[in-house]
Amino acid sequence: MWRLSLLLIPLLALSYTLWHVWCLLPLPNIWRAVVVLLCLLSFFSLFLGMSHALDNLPMPIATLIYRVGTSSLIVLLYTALMFILLDLLRLLRLIPQQALRSNVYVTIGMLVVLVVLLLYGNIHYHHKVRQEIVLTTGKHVGREVKLLLVSDLHLGYHIRRGELRTWVEMINNEHPDIILLAGDLVDRSMRPLLEEDMAAELRDLHAPVYACLGNHEYYCDVQKAEQFYRDADITLLRDSVVELQGLCIVGRDDRTNPGRKSLGALLKGVDRDKYIISLDHQPVALDLAERAGVDFQFSGHTHHGQVFPISLATDAIFTVAHGEYKSGDTRYFVSSGLGIWGGKFRIGTCSEYVVATLRQE
């Protein structure tokens, strides 16, 4: 039912928006029809972009379809919001009743607002925010440990090897002791990662990398994704535990797998004198980490909604959709992600990586 609702909402928004576009454009009907048709094609290319049919198309065409389709959702969101605002103003008689009919000034005004908003969103996406936190513990961890935490790279048709290279350089410049990746390294298809040999780029990371799976690894091909992690020299913790440098790192399988092990089962027999870090892609049922005696949990998945006002929805859905959180003796950080799903726009949210310094009290 909820999946049907997720589909119905954008279709209703599309119908509402295209009707207003038809009424607003100061053009002959034939050109109005052309604009509406192009809008429809852009939106419905989203469904093609979400299928594996892209893998059978030439890479430039597949990339274009993916980028246009996913970006059209953001364009639809803000265009619909502008029309809703104008309709409210019209109902309150703050603007003339005919303001949304064949009006060149309103058309130009809306286009300017939309272009400026999307340009800002794209520039803001490319500005990566460095979040810094300090983790203290009474447990013996020896010297300070510098952890670099990232999630949701979403490598694929929209995020290619060139962009990944800049991220690898940025991470190496931090000189971390350990890199932790909280899932969704892959977007929806393994094809771009394999054709561009992105694993070679990830092998240039100067610190050991430990990761858990995200839901998007299941959307592509989880076995191929696992092989990619191996090729990239990333230690994938799929319902498994590793102990090193006074730390215990637990990597949970994504909750997309209903058969994943419980956190309690994974921690059975673990040395509780070690500082316990849990990697769990989706930040749900956070109290489980606290009850299991986890010291710190790192998650991603939410993207903090990517753009406002979707961020308000993620704030309502998740106990914590972004940032730090503490409950009992357990600390959490939910990242909005280094990469992004779909269109490269960040409005009211940020793309980030986290530098965590772990020191003994």
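Is serine 102 buried, partly exposed or exposed? At 42% relative accessibility, serine 102 counts as partly exposed, where buried means under 20% relative accessible area, exposed over 50% and partly exposed in between (1.4 Å probe, protein chains only).

The model is predicted: local features need pLDDT of at least 70, side-chain atom pairs count only at pLDDT 80 or more, and totals for chains, interfaces and linings use all residues. Residues are numbered from 1 along each chain as its sequence is written, and side-chain values use heavy atoms, with hydrogens and water left out.

**Stop 1: two loop residues**

Select serine 102 in the loop between H3 and helix H4 (104-126); helices (H or I, at least four residues) and strands (E, at least two) are DSSP runs, numbered from the N terminus. Serine 102 is not a glycine, yet its phi is positive, at about 45 degrees. Most residues other than glycine have a negative phi. Next, select histidine 175, in the loop between helix H5 (161-172) and strand E3 (178-182). Histidine 175 also has a positive phi, near 55 degrees, and is exposed, with a relative accessible area of 62%.

**Stop 2: H2 against H3**

Select helix H2 (residues 29-49) and helix H3 (residues 59-91), which pack at an angle of about 125 degrees with their axes 7 Å apart. The axes are lines fitted to C-alpha atoms, for helices over the stretch in contact, and angles run from 0 to 180 degrees between N-to-C directions. H2 and H3 are therefore oblique to each other; angles under 35 degrees count as roughly parallel, over 145 as roughly antiparallel, 65 to 115 as roughly perpendicular and the rest as oblique. Residues in contact (heavy atoms within 4.5 Å) include Phe43 and Leu46 of H2 and Tyr66 and Leu73 of H3.

**Stop 3: strand E8 and its partners**

Move to strand E8 (residues 275-279), where 5 of 5 residues are buried. Tyr275, Ile277 and Leu279 lie on one side and Ile276 and Ser278 on the other. Strand E7 (residues 247-251) pairs with E8 in the parallel sense over 5 bridges; two strands pair if DSSP finds at least two bridges between them. Leucine 247 has tyrosine 275 as its bridge partner in E8. E8 also pairs in the parallel sense with strand E9 (residues 296-299), over 3 bridges, and isoleucine 277 has phenylalanine 296 as its bridge partner in E9.

**Stop 4: a cis peptide bond**

Finally, select proline 309, in the loop between E9 and helix H12 (310-317). The peptide bond from phenylalanine 308 to proline 309 is cis, with omega near 10 degrees.
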